[in-house]
Amino acid sequence: KPPGLPPGRWGLPLVGYVPLTTRSIPQQLADLRNKHGDIYMWRIGTQIQVFLHDHQLIKEAFTRPEFQDRVDFKGFRFMDPNKLGLLQSNGEHWHNNRRFTLRQLRDLGMGKSKLVSAVQSQSSLLVQEFKKQAGRPAPIPNTLSLAIINVIWHMVSGKEFLLTDPKITQFCQLLDEALERLNLLIVPDYMPWLYSVLPNKVIGRVFGIDRTSDMRNKLYKYFIDDIEEHQRTLDPNNPRDFIDGYLMEMEGRKDDPQSTLSEEDLTVLIFDLFVAGFETTTNTLIWITYYLASNPQVQRKMQAEIDQVLPLGTQATLQDRARLPYTEAVIHESLRRSSLLALGVPHMATQNTTLGGYVIPKGTSVGCSTVTVHNSCRYWDKPDHFQPERWLDENNKFTSKKEGFIPFSIGKRQCAGESLARMELLIFTTALFQSLNFSIPPGNTLSLEVNPGDAIVSLPIHQDLIVTIRK
Ligand code: HEM
């Protein structure tokens, strides 16, 4: 192990440190944190990963320019060969797309916008779907995923699918598959020597590379069709959505040699919005229903607040946020407890540098451990308790505590969709609990453990709940 690196797990040549334990990854990270402190490394294959566990240290790292790039994984290139879009792009290209996306999201989501109405209408449709399964034990319907997908479609291209349209179900399956496939595609990046010892054919089959281009083409076809349709119908005096905004910006900068805008880039950018905004929001909402089904008192208290602020038949808007402090507290506590992106989304050191007194070589992946920060006694009293009250001050006003709360990460690459995500969480949560009650089926228990099949994202386990229609 080269001198100066953070302490931690170095392991064997080629394979790095392979844990021989049944402890989950988050549990192992907590063990490592207790042993080594706020910064340590774990060599997986030949890739050095550094984990950070302290809010200030994460903030320092993620605001420094040398930690702003994404990890350069060959596996990602099978979805996007040229590192376009926003999620995987770097440098000037990333900077342009990020600025554009933030501006669009702000403009499209403001005030009484069409986007807010779209979220409200999707949440009403979802309530109707839940009502169909009232009174009998059943898992959260897949309609929740479709409703979240429709919100992103609305923002991107001003359209929504009927929830019964087979095209949206197929789209959802492709997206699920893409997310699963991305996990597998990057395995050889941890052991790049596999490329030299195994024939390409074997790698292609084992790691699913063969099927990826077919799936990518099907998925991208949705976006390409929409972009072409927008090109035909665009009215520059009346931009309708994200695609119109991008096409207009592209036209405005067509003579600018610095412009990074292109139809191909727009296709990847749209894909990124779905990848980043779909599973995250859907699963946070599932966690909220699980926590509230397990805490009936909290559920009743939140419903009492919603009933007072929103008479039946009215839906929340962003202006209601201040009048719904307890609901906001429940949402924040759910984001903290679930720590959905348990290991954060890693950044990469673009040069040899130091951090926290240690050497960080160029190419090292640097991530924040959301799950250990969210469960650290340094920031949270009784961190393993679900306590919305911790978000309220002595006057029961919501206080958005920042230190030790990093669900959307921090710094220059922090979640670009945070404002949309917060808007969706508020509107969906209020709509669901205004009309429905969620409980655990008699004789059952509800596990709040994360799905052991997924180490990087803390996904809830599919389980039955009972939905009751509120009178
Ligand atoms: C509860 C829901 C969500 C959570 C917890 C979440 C969390 C995150 C996190 C942790 C990151 C990585 C930040 C980093 O690299 O330091 C991220 C990035 C990102 N998120 Fe979200 N996100 C959510 C919803 C959304 C939504 C709805 C959208 C938009 C449709 C979105 C768009 C993005 C994009 C584009 C990035 C990449 C930003 C960049 O690389 O510059 N996210 N998100």
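This is a predicted model: local features need pLDDT of at least 70, side-chain atom pairs count only at pLDDT 80 or more; totals for chains, interfaces and linings use all residues.
Where does Leu-14 lie?

Okay, Leu-14. You'll find Leu-14 in the loop between strand E1 (8-9) and helix H1 (25-36). Leu-14 isn't a glycine, and yet its phi is positive, about 70°. Most residues other than glycine have a negative phi. Leu-14 also counts as exposed, since there are 12 other C-beta atoms within 10 Å, and the cut-off for exposed is 12 or fewer.

Asn-396 also has a positive phi, near 60°, and Asn-396 is a residue other than glycine too. This one sits in the loop between H15 and H16. Buried or exposed? Asn-396 is exposed, with 11 other C-beta atoms within 10 Å.

Now, Cys-415. Its loop runs between helix H15 (370-374) and helix H16 (418-435). An unreviewed UniProt entry puts the annotation "binding site" on Cys-415. Cys-415 has 18 C-beta neighbours inside 10 Å, so we call it partly exposed. Leave aside the neighbours within four places in sequence, and Cys-415 is in contact with Phe-408, Ser-409 and Ala-421.

Let's zoom out. The protein has 16 helices and ten strands. Its radius of gyration is 23 Å, close to the 23 Å the globule rule gives for 471 residues, so the protein is as compact as a globular protein of that length. The C-alpha trace spans about 65 × 55 × 40 Å along the principal axes, and 40% of the 471 residues count as buried. Last one: take contacts between residues at least 6 apart in sequence, and 72% of them join residues at least 24 apart.

Technical notes:
Residues are numbered from 1 along each chain as its sequence is written. Helices (H or I, at least four residues) and strands (E, at least two) are DSSP runs, numbered from the N terminus. The radius of gyration is taken over C-alpha atoms; the globule rule is 2.2 Å times the number of residues to the power 0.38. A residue is buried if 20 or more other C-beta atoms lie within 10 Å of its own, exposed if 12 or fewer, and partly exposed in between; C-beta atoms are placed from the backbone. Two residues are in contact if their C-beta atoms, placed from the backbone, lie within 7 Å. UniProt positions are given in the numbering used here, feature names are shortened, and annotations may be inferred rather than shown by experiment.
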